[in-house]
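Subject: Structure for you to look at

Hello,

I am passing on the structure we talked about. Please open it alongside this message and follow the notes as you go.

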Amino acid sequence: PETSALVLEPLPVATASEAVADETRVGLTSTPKTLSPWLFYDEAGSQLFEQITALPEYYLTRTERAIFTAHADEIVRVAAGEPRQTLTLIEPGAGSAAKTRIMLEAAVRLQGSVVYQPVDVSATALESARKNILGRVPGVSVRCQVADYTREPLPENRLPNTRTLALYIGSSIGNFTPNEALALLQNLRAQLLPGDQFLLGADLVKDVTAMLAAYNDAAGVTAAFNRNVLERLNRELDADFDLSAFRHKAIWNARESRIEMHLESLCAQRVHVPANSAGDAMILTFARGETIHTENSYKFTPEAVESLLSDTGFRATHTWNDDAKLFAVTLASA
Ligand code: AVI
């Protein structure tokens with residue numbers, strides 16, 4: 001079958017800097033100070049994240065990929081059901097779709113061809129998803145959709161007589177608070193039909209040293225990724241953060257079962273953010289040791305994965321793990 005691409009929506013005019021200005025105003029005037037993790041992913045940050053996924057300490061990507069490599073054929077076979085339905089793969093927050101390729105190849109082996117619908121807020125990410133898949137995986141048609149899947153519905157253009165397999169992989173679920181994660185999965189679930197399938201990739205609770213090392217690598221890439229958010233505010237909002245006056249900090253919060261990333265102020269200091277579309281100029285004061293909380297990365301027990309799924313109306317049917325049980329890939333029915 002021929003490989004083709006179709007962009008369903010015109011790419012929106014960038015209003016990104018307004019969102020950055022709003023987010024910064026709200027987050028940095030709250031106590032404690034916070035910045036939302038989506039701010040990491042400008043071009044420089046997305047490149048740093050790609051580097052993180054290849055770090056020796058960052059076991060997540062490698063482990064999930066190994067699970068896919070070992071089990072993709074079985075995963076799509078189980079998802080397609082008996083008698084076999086034709087699967088369409090949808091991926092909210094597709095990013096660069098590097099690991100999705102393994103699932104798509106398995107779907108093509110099973111059914112000869114497959115339609116892949118990546119959904120992402122970032123047109124740039126979709127472009128790299130399209131490039132990663134199109135022409136490299138014969139038999140795949142790509143239909144990109146620019147949308148904020150955390151707020152907006154998934155593509156309406158459902159193909160008749162097919163079953164949707166929605167992928168939410170890469171431990172993306174871990175970057176949401178438990179309430180946000182519930183809302184997100186409820187929203188996804190509401191857009192699936194009975195029998196549709198959902199594949200969730202979640203990072204599991206493990207030895208604290210191993211989890212901390214993944215967010216505090218020896219080469220300092222995660223530190224650069226974290227600090228890039230301040231560079232972004234300097235670049236886009238003309239703020240005057242002194243990068244050498246903040247250090248990257250990753251901690252394990254056992255009570256909340258999450259790794260937290262912070263940027264810690266190394267001295268008492270003031271930072272100036274000029275007036276912008278979101279409001280007047282701001283002078284932010286930092287005490288020595290005060291932090292900006294930039295990310296949560298929740299780690300799940302197998303039971304927590306099950307209850308997240310059942311609480312949002314899914315029925316978990318199969319789980320695949322690596323031998324060391326670092327990571328879980330769970331298939332659920334809608
Ligand atoms: C994208 N997300 C699943 C990553 C994570 O592990 O929470 C983001 C990341 N933050 C630091 N390193 C990687």
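The notes below go through the ligand site, a helix and strand, and some backbone details. Please keep in mind that this is a predicted model.

Ligand site

The residues around the ligand are Tyr41, Phe49, Ile52, Tyr58, Gly170, Ser171, Asn175, Tyr215, Phe225, Met261, Glu295 and Ser297. By class, this shell holds seven nonpolar residues, four polar ones and one charged. Glu295 places a polar side-chain atom 2.8 Å from a nitrogen atom of the ligand. On its own the ligand has 340 Å² of accessible area, and the protein covers 95% of that. Two elements, α2 (43-52) and β12 (291-298), each give two or more residues to the shell.

Ser171, one of the residues around the ligand, has a phi near 65°, a positive value in a residue other than glycine. Ser171 sits in the loop between β6 (162-168) and α6 (178-190). With a relative accessible area of 4%, Ser171 is buried, since the cut-off for buried is under 20%.

The buried residues of α4 include Ile102, Met103, Leu104 and Val108. Just after α4 comes Gly112, with a positive phi of about 90°.

Strand β4 (residues 114-120) has seven of its seven residues buried, so it is largely enclosed by the rest of the structure. In a regular strand, side chains alternate between the two faces of the sheet. In β4 both faces are covered, with Val114, Tyr116, Pro118 and Asp120 on one side and Val115, Gln117 and Val119 on the other. Strand β3 (residues 86-92) pairs with β4 in the parallel sense over five bridges; Glu91 has Pro118 of β4 as its bridge partner.

Backbone details

A cis peptide bond joins Thr31 and Pro32, with omega about -10°. Pro32 is in the loop between α1 (16-28) and β2 (33-34). Another cis peptide bond joins Glu82 and Pro83, with omega about -5°, and Pro83 is in the loop between α3 (59-80) and β3. Lys325 is not a glycine but has a positive phi of about 55°; Lys325 lies in the loop between β13 (315-321) and β14 (327-333).

Regards

Note on methods
Residues numbered from 1 in each chain as written. Predicted model: local features only at pLDDT ≥ 70, side-chain atom pairs only at ≥ 80, totals over all residues. Heavy atoms only, no water. Near = heavy atom within 4 Å. Polar contact = N/O pair within 3.5 Å; in protein donor to acceptor, adjacent residues only side chain to side chain. Areas by Shrake-Rupley, 256 points an atom, 1.4 Å probe, with all protein chains shown as cover. Helix = DSSP H or I, 4+ residues; strand = E, 2+ residues; numbered from the N terminus. Nonpolar A, V, L, I, M, F, W, Y, C, P; charged D, E, K, R; others polar. Buried < 20%, exposed > 50% of the residue type's maximum accessible area, 1.4 Å probe, protein only. Pairing = 2+ DSSP bridges.
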